[in-house]
Amino acid sequence: MSTVNDRVVVVGAGVSGLAVARELAPDHDVIVLDKGGVAADTSSRASGMISLSLEPFPDEWASFALSQFRDLDGQGIFSFTERETVRLVPEANVDLYTDQAPDGGEFLTRSELERRFPDSFGDLSAYGGGLVYDGTGSLDALDYAMTLKWAAEQAGAAIFRDHEVTDLRVEGGTVTGVETEYGCLDADHVVYATGWKTRDLLAEYVDIPARPLRWNAVVIEPDEPLPAVCPMGSEPTLRVYWRLTDRGNVLVGGNEHLLSDPDGTPMGVQPSFRERVVEDVAPLLSGVAAGRIRREDCCPTADCASPDGLPVIDAPTEGPEGLVIVTGLHGRGVMLSPVTGRAVRSLVTSETPPFPMAQFRLDRFEDRSADFDYRSHWGPGDDSAVP
Ligand SMILES: Cc1cc2nc3c(=O)[nH]c(=O)nc-3n(C[C@H](O)[C@H](O)[C@H](O)COP(=O)(O)OP(=O)(O)OC[C@H]3O[C@@H](n4cnc5c(N)ncnc54)[C@H](O)[C@@H]3O)c2cc1C
């Protein structure tokens, strides 16, 4: 089915909506509408960890996304810094990994880690070593979003802020456009990339199991700059990750949990998270314990959890023809955004995507209730929400 020159309205100018616009703009009439600004909701808060090789994703998703980040590096204001990632392994768990490291990782003992990444670590005495992964890196999420916007606009997309979409317009079971606070806009296809709010915005048309999900992040300026070899990393028992920023600071994030009231959530991080970072995480890296916190943030408007931790990117069969939804990015929306963009393109054009898409289908969930338990990415036995 050729859809060239069809009009596609994309609702939401976060990284998902912008990646969709970039994919479709070269041969479609693409209009992106956001009720706020570009990436102003969750996307600009993202830590920019691109750790696809550690995630429970098909290899094709990881290789496609990574190749897109590499291609985009140097375009617009975007840069992608490739860096190895270390997942620290507590002393008690070392036996699990000495023979075989999961997902293509390499197990190094504590002393091997310290030799491989000199002057990077602080007190690792509680750890027997770490799993080292390549094919990982980081980016500045706002620069990335602005570069997607720039690339989409270069290809002809029109992107509007302060345009709230109030409803979908449907006639005879087919999408005909959207209603906005300023009036109606015709469209052949409408893509909702509005995070967990997609659930409520489309409640009349399709049931979506999605819940708001909050993350915390702080940026610490170390006492002494960390060496360029310092890896990104994570500590699964504390459920935190870290990465170096372009300014040589250390961003520490984590402590994600479901939110019942995103509108009533303060902007700052939870005090318990800040304390944990200062007491337990900062000492793991050289010179960071003596550093100073320079930024604290969470996402009060919230990321979006799904019941199985994977996104929903689908043209649901029970919804009107021409409707595509992107939601449930579950803390991985930036790293998956190239996949999201191409997946939506394939749904709009019927082209075959270079990766499997069955995992994105909404009908994988029999129960569409939003009353599901949180499924953490941190591994088995750790599926509970942190209060
Ligand atoms: C602290 C933190 C750290 C994170 N770290 C990482 C990371 O390291 N790596 C990673 O891959 N992911 C990370 N994430 C997750 C990532 O930020 C999200 O998964 C991703 O930004 C989701 O993008 P999105 O475009 O789907 O949604 P959003 O960015 O939430 O965009 C949705 C847009 O829809 C708009 N909208 C909503 N309703 C309407 C309406 N009615 N009309 C018009 N517009 C509307 C909103 O204004 C918003 O701009 C992190 C998130 C946080 C908060």
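## Strand β13

Valine 191 is placed in strand β13, in a numbering where helices (H or I, at least four residues) and strands (E, at least two) are DSSP runs counted from the N terminus. The model is a predicted one, in which local features need pLDDT of at least 70 and side-chain atom pairs count only at pLDDT 80 or more, while totals for chains, interfaces and linings use all residues. Residues are numbered from 1 along each chain as its sequence is written, and side-chain values use heavy atoms, with hydrogens and water left out.

Valine 191 counts as buried, at 0% relative accessibility. Here buried means under 20% relative accessible area, exposed means over 50%, and partly exposed lies in between, with a 1.4 Å probe and protein chains only. Not counting residues up to four places away in sequence, valine 191 touches Val8, Val9, Val10, Val11, Val20, Val324, Val326 and Val344, where contact means heavy atoms within 4.5 Å. From valine 191 to leucine 72, 119 residues apart in sequence, the C-alpha to C-alpha separation is 23 Å.

Histidine 189 also lies in β13, which spans residues 189-192. With a relative accessible area of 9%, histidine 189 is buried. Beyond its neighbours up to four places away in sequence, histidine 189 touches Thr3, Asp6, Arg7, Val8, Val9, Val175, Gly322 and Val348. One of these residues, valine 9, is 180 residues from histidine 189 along the chain, yet their C-alpha atoms are separated by 6.4 Å.

## The nonpolar cores

A nonpolar core is a set of buried Ala, Val, Leu, Ile, Met, Phe, Trp, Tyr and Cys residues joined through side-chain atoms within 4.5 Å. The largest such core in this model has 50 residues, and Val30, Leu52, Phe69, Tyr144 and Val344 have the most contacts inside it. At least two residues of this core come from each of β1 (7-11), α1 (15-24), β2 (29-33), α2 (59-72), α4 (141-154), β21 (323-327) and α7 (333-349). A second, separate core has 27 residues, among them Val86, Leu88, Val269 and Leu284. In soluble globular proteins, nonpolar side chains tend to be buried together.

Which residues surround leucine 52, leaving aside its neighbours within four places in sequence? They are Phe57, Ala62, Ala65, Leu66, Phe69, Met335 and Leu336.

Helix α1 is largely enclosed by the rest of the structure, because 9 of its 10 residues are buried. The buried residues are Val15, Ser16, Gly17, Leu18, Ala19, Val20, Ala21, Glu23 and Leu24. In the loop between β1 and α1 is glycine 12, which is buried with a relative accessible area of 5%. Glycine 12 touches Gly17, Val32, Leu33, Asp34, Ala193 and Thr194, not counting residues up to four places away in sequence.

Helices α2 and α7 pack at an angle of about 100°, with their axes 8 Å apart. These axes are lines fitted to C-alpha atoms, for helices over the stretch in contact, and the angles run from 0 to 180 degrees between N-to-C directions. The angle makes α2 roughly perpendicular to α7; under 35 degrees counts as roughly parallel, over 145 as roughly antiparallel, 65 to 115 as roughly perpendicular and the rest as oblique. From α2 the contact involves Trp61, Phe64, Ala65, Gln68 and Phe69, and from α7 it involves Val334, Met335, Leu336, Ser337, Pro338, Val339 and Arg342. By class, this contact has 9 nonpolar, 2 polar and 1 charged residues. Ala, Val, Leu, Ile, Met, Phe, Trp, Tyr, Cys and Pro count as nonpolar, Asp, Glu, Lys and Arg as charged, and the others, Gly among them, as polar.

Within helix α6 (residues 271-281), Phe273, Val277 and Val281 are buried. They lie on the same side of α6, because they cover an arc of only 40° around the axis, the arc being that of the directions from the helix axis to the C-beta atoms. The buried residues of α6 pack against β14 (211-221), β16 (240-244) and β17 (250-258).

Leucine 251 belongs to strand β17 and counts as buried at 10% relative accessibility. Apart from neighbours within four places in sequence, leucine 251 is in contact with Ser47, Ala217, Val218, Val219, Tyr241, Trp242, Arg243 and Thr245.

Asparagine 5, in the segment before β1, has phi near 75°, a positive value in a residue other than glycine. Asparagine 5 counts as exposed, at 62% relative accessibility. Aspartate 162, in the loop between β9 (158-160) and β10 (165-171), likewise has a positive phi, near 55°. Its relative accessible area of 33% makes aspartate 162 partly exposed.
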